[in-house]
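Please keep the sequence and the structure in view while reading.

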Amino acid sequence: MTASKTPVAADLALSRRRILRTGLSLTAFPAIVAAAPHEAALRPVQLTVDGTTKPRVFVTTDAGGSDKDDLQSLVHLLLYSDVLDIVGLGSSAAMLGSGRVSAIRSVISAYEADRGRLLTHSADYPSAARLHSRVHEGSSTLQPAAGFSRPTQASRAIVAAARTASPSNLLYVLTWGSHADLAQALHDDPSIVRNIRLISSGVDGQDPNAHRYLQEHWKGRLWWIDGATSGRGIYAPPSGANTPDRAWPAANAEGHGKLGDFFMASTQDLYGDFDGTRRTDGLKMGDSFSVLYLIDPGRNPDQPEARGWGGSYVASGPLYWTDSRNPALSYGSYYGAKTVADHKGAFLADFAARFDRAQAAKTK
Ligand SMILES: [Ca+2]
């Protein structure tokens, strides 16, 4: 095993706020050896037009099920795709079966309709074709007891993206669904661990064997924010009730481009509307705390314990952070939710401004 127990070069990690000199030589980064076709297409560093580094992000999602909150999270992600280098979007929806990449592609199609207006606000929004080329089917079955089985398109893409990352240009893997494809990727190429930072949602129930494999074989060697409940602070009230905000998307998303309408349509029946009241309609996007962690303009991503949009986490071992168990920071049973909710005003105002971009082109 080549993984090191030393910190993953945290002091070398580049945040997107760190300005690189223009004309940075890509030869400063490791050469790509025997690169796979999609590996070669991933440039080592993506810069915004003003020379700021974009965090490299690979999202795995269970979008496509009856609970639509990952669709909301994808809208949120794409509205910030000018400041993030989205190198992969994997469908890790083992509980749902295959074919869920269509859910990811549907959000990209909405984005494509709005991109012309978005570009008037920021020249860094990627093309829809580029995003589509980075969508990958993941595991459609639960992993066996070992926690891994066969490579998938998504697991191969994670390996490829991680190989083109480096300790000074890390790959953030954001898991919104199961851990099956990440587990497979780490099994297939253990050396990638040094280039990965994982920010995961509470997804152990979506593939228990894959999650256990990560816990037993990678915890302590993999830089990992294991956030099970803090993200609930995006939508839950202090009581911890499942009552997403219905007014916010009606005021800030609906009518704001295709993405806004898509978001609004994805607020309905979040939990299947079992009692016919639609009381759970609204803004949820509980997995988006991992994106908030990266886009917070005031946050140093090397410091999981600091305060910020994506929450504050407690070190529970080397390279491993979890939700705070401080009762004062809990919303009902959601540990750490207050550490996210405390910043709700700021990150929702910023999100609203992003929907405004989708609604209207910037006037000169
Ligand atoms: Ca999810």
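Two strands are said to pair if DSSP finds at least two bridges between them. Helices (H or I, at least four residues) and strands (E, at least two residues) are runs assigned by DSSP and numbered from the N terminus. The model is predicted, and local features need a pLDDT of at least 70, side-chain atom pairs count only at pLDDT 80 or more, while totals for chains, interfaces and linings use all residues. Residues are numbered from 1 along each chain as its sequence is written.

## The sheet

Strands of a sheet pair through backbone hydrogen bonds, either parallel or antiparallel. In this model eight strands form an open sheet with mixed pairing, and their order across the sheet is S3-S2-S1-S4-S5-S6-S8-S7. Strand S3 (135-137) and strand S7 (313-315) are the edge strands, each of which pairs on one side only. From one strand to the next, the twist averages 20 degrees.

Strand S8 (residues 320-323) is joined to S7 by three bridges, and these two strands run antiparallel. Within this pairing, Val314 has Thr322 as its bridge partner in S8, and Ala315 stands opposite Trp321 in S8. Strand S6 (residues 223-226) also pairs with S8 over three bridges, but in the parallel sense. Here the bridge partner of Ile225 is Trp321 in S8, the residue that stands opposite Ala315.

S7 and S8 form a hairpin with four residues between them, and Gly317 in the turn has a positive phi of about 145 degrees. Leu319, which lies in the loop between S7 and S8, also has a positive phi, near 60 degrees, although this residue is not a glycine.

## Helices that pack together

Two packed helices are described by the angle between their axes and the distance between the axes. Axes are lines fitted to C-alpha atoms, for helices over the stretch in contact, and angles run from 0 to 180 degrees between N-to-C directions. Helix H3 (residues 101-121) lies across strand S1 (56-61), strand S2 (85-91) and S3, running at about 165 degrees to S3.

How do the axes of helix H2 (residues 69-79) and H3 cross? They come within 10 Å and cross at roughly 40 degrees. That angle makes H2 oblique to H3 (angles under 35 degrees count as roughly parallel, over 145 as roughly antiparallel, 65 to 115 as roughly perpendicular and the rest as oblique). Leu71, Leu74, Val75 and Leu78 in H2 meet Ala103, Ile104, Val107 and Tyr111 in H3, where two residues are in contact if their C-beta atoms, placed from the backbone, lie within 7 Å. The residues of this contact divide into eight nonpolar, no polar and no charged (Ala, Val, Leu, Ile, Met, Phe, Trp, Tyr, Cys and Pro count as nonpolar, Asp, Glu, Lys and Arg as charged, and the others, Gly among them, as polar).

Helix H9 (residues 257-265) and helix H12 (residues 344-359) pack at an angle of about 125 degrees, with their axes 6 Å apart, and are therefore oblique to each other. Gly257, Leu259 and Gly260 of H9 make this contact with Phe355, Ala358 and Gln359 of H12. The residues of the contact of H9 with H12 divide into three nonpolar, three polar and no charged.

## Buried residues

A residue is buried if 20 or more other C-beta atoms lie within 10 Å of its own, exposed if 12 or fewer, and partly exposed in between, with C-beta atoms placed from the backbone. H2 is mostly covered, as eleven of its eleven residues are buried. What covers the buried residues of H2 includes S1, H3, H9, helix H10 (289-295) and H12.

| Residue | Other C-beta atoms within 10 Å |
|---|---|
| Leu319 | 23 C-beta atoms |

Ala103 lies in helix H3 and touches Ala63, Gly64 and Leu71, not counting residues up to four places away in sequence. Ala103 and Gly65 are 38 residues apart in sequence, and their C-alpha atoms are 8.9 Å apart in space. Met285 lies in the loop between H9 and H10, and has a positive phi of about 35 degrees although it is not a glycine.
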